[in-house]
Amino acid sequence: MASDDQGPESTEKSRPAATKIRIIEDADATGETAAAYDFWRAGSGRQQVPGIIKCFGARPDFLRQVVQFSNAIHFSEGHLSRRHKEMIASCVSYLNRCPY
């Protein structure tokens, strides 16, 4: 291997990630997508919509269903309190080096 060959990892870091999912940013959201983002904000208490939510922006009807399902699964009381579920989610995100 040549000394100037940095391998595939270096080239992956130098170019932006490609995606086939159309991400609709907050500033570009209109109509039902903007309403769905507002629906998420109202339920989360946060202002910045994370990328994992934006990936559903092209389907605002589905986005609302995902948010409702996620809230029912993650934030309803059960064997674990919301506090404990949030701690587990934070730990898993940290281990996965996930920014949100």
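Visitor: Leaving aside neighbours within four places in sequence, what is V67 in contact with?
Guide: V67 is in contact with F39 and W40 once those neighbours are set aside; contact means heavy atoms within 4.5 Å. This is a predicted model, where local features need pLDDT of at least 70 and side-chain atom pairs need 80 or more, while totals for chains, interfaces and linings use all residues. Residues are numbered from 1 along each chain as its sequence is written, and side-chain values use heavy atoms, leaving out hydrogens and water.
Visitor: What lies over the face of F39?
Guide: That's R64, at 4.9 Å from the ring centre. To count, CZ of Arg (or NZ of Lys) must be within 6 Å of the ring centre and within 35 degrees of the ring normal.
Visitor: OK, new topic. Which residues make up the largest nonpolar core?
Guide: There are nine, among them V67, W40, Y37 and L63. A nonpolar core is a set of buried Ala, Val, Leu, Ile, Met, Phe, Trp, Tyr and Cys residues joined through side-chain atoms within 4.5 Å, and buried means under 20% relative accessible area with a 1.4 Å probe, counting protein chains only.
Visitor: Which element gives the largest share of that core?
Guide: α2, with three residues.
Visitor: And how many helices and strands are there?
Guide: Five helices and zero strands, taken as DSSP runs numbered from the N terminus (helices: H or I, at least four residues; strands: E, at least two).
Visitor: How much of the chain is buried?
Guide: 16% of its 100 residues.

Key. Buried means under 20% relative accessible area, exposed over 50%, partly exposed in between (1.4 Å probe, protein chains only).
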